[in-house]
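Me: Could you walk me through a protein model, one question at a time?

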Amino acid sequence: MSQHSGRDAVARTVSRETLERLDQLSALLTRWQKTINLIAPKSLPELWTRHIADSLQLIHHVPDSVLRWVDLGSGGGFPGLVVAAVLADRPGAQVILVESDTRKAAFLRESARAAALPVEVVPERIEQAAPRLAPGTQVVSARALAPLPRLLELAEPFITAGAVGLFPKGRDWERELTDARKGWTLQLDLHHSLGDPQGRILAVTAAERVAPASGAAAPGGALTSSTERAASPARVRTVQGKAP
C-alpha cells in the first residue's frame, strides 16, 4: 500500500483534527529521519500503514475513559505520539513517553510541541522512571522494545499498580509468551493484529513473578485456554480484533 493510500485508510478512521496532528507527525518524522534513525529506513515508505495505523489499533483495546498512558522506549514515537494524537481530544489526557536516547527525546518533544499534543517526555532509563510514573497510570505500552519476558520486568511496576500492559508482537508472539510463562503468572487477552495477520496484541491485566521450588523447573509448556485456569500459570483469552 502506498503512502497516499495508507493515509487515506487512516483518514477514514479518525477525526479531522486527529488526522491533522498525524500529518504533522509524519512530516516531522520524515525530516528528522534524515539525521536520526527513528525507524528502519526501509519502512519509511510504509509509514502510514506499518507504523501509524499499527499504533492506532491499540486505542481500540482500552476503554474510552483512559486518560493516563505511559509508553516505554518510545523511540520514533510509535505508538506513543500516535496515541497522544487521538487522546488530545480528551480533556485531562496525558501521554508520558519514556526515552533515554537524548536525540530521540528531542524529536519527541519537538513533535509534541508542533502538534500540540498532551505529552510529557521523560529522558530517563525505564528502570529509573517506572516506580515514579506507575501510580495512576491506566495503560502502559511498548512496541518493538524487547522480548516479552524483559517487557514484563520493565512494565511490572505499572501492571502491579493497576495498568493494562499493551504489547504488540509479531509472528513469534507464541514463543515469547511460552518463554514468559516460565517466570510469570499472567492474565491476558490476545487480540488479532490488523497490521500483521500472524501477530497478536497482548493485553496483560495481571503479572506476578513465579518463584520455582528448589530443584524444580519453572512452569512452562504449551498454551492453554481460559477454561484450564486452575492448572495453568497463564490465563489467556483470545479476542477478535476490532476495526478502528
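Here are some questions with worked answers.

This is a predicted model, where local features need pLDDT of at least 70 and side-chain atom pairs count only at pLDDT 80 or more, while totals for chains, interfaces and linings use all residues. Residues are numbered from 1 along each chain as its sequence is written, and side-chain values use heavy atoms, leaving out hydrogens and water.

Me: How do helix 2 and helix 5 run relative to each other, roughly parallel or roughly antiparallel?
Reply: Good place to start! Helix 2 (residues 16-32) packs against helix 5 (residues 102-114) at about 150 degrees, the axes being 10 Å apart. Angles over 145 degrees count as roughly antiparallel, under 35 as roughly parallel, 65 to 115 as roughly perpendicular and the rest as oblique. So helix 2 and helix 5 are roughly antiparallel.

Me: Which residue forms a salt bridge with arginine 150?
Reply: A salt bridge needs a side-chain nitrogen of Lys or Arg within 4 Å of a carboxyl oxygen of Asp or Glu. Look in helix 7 (residues 148-160), 3 residues from arginine 150, about one turn of the helix. With closest N and O atoms 2.7 Å apart, the partner is glutamate 153.

Me: Is arginine 125 buried or exposed?
Reply: Arginine 125 forms a salt bridge with glutamate 127, their closest N and O atoms being 3.4 Å apart. Buried means under 20% relative accessible area, exposed over 50%, and partly exposed in between (1.4 Å probe, protein chains only). Because its relative accessible area is 52%, arginine 125 is exposed.

Conventions
Axes fitted to C-alpha atoms, helices over the stretch in contact; angles between N-to-C directions. Helix = DSSP H or I, 4+ residues; strand = E, 2+ residues; numbered from the N terminus.
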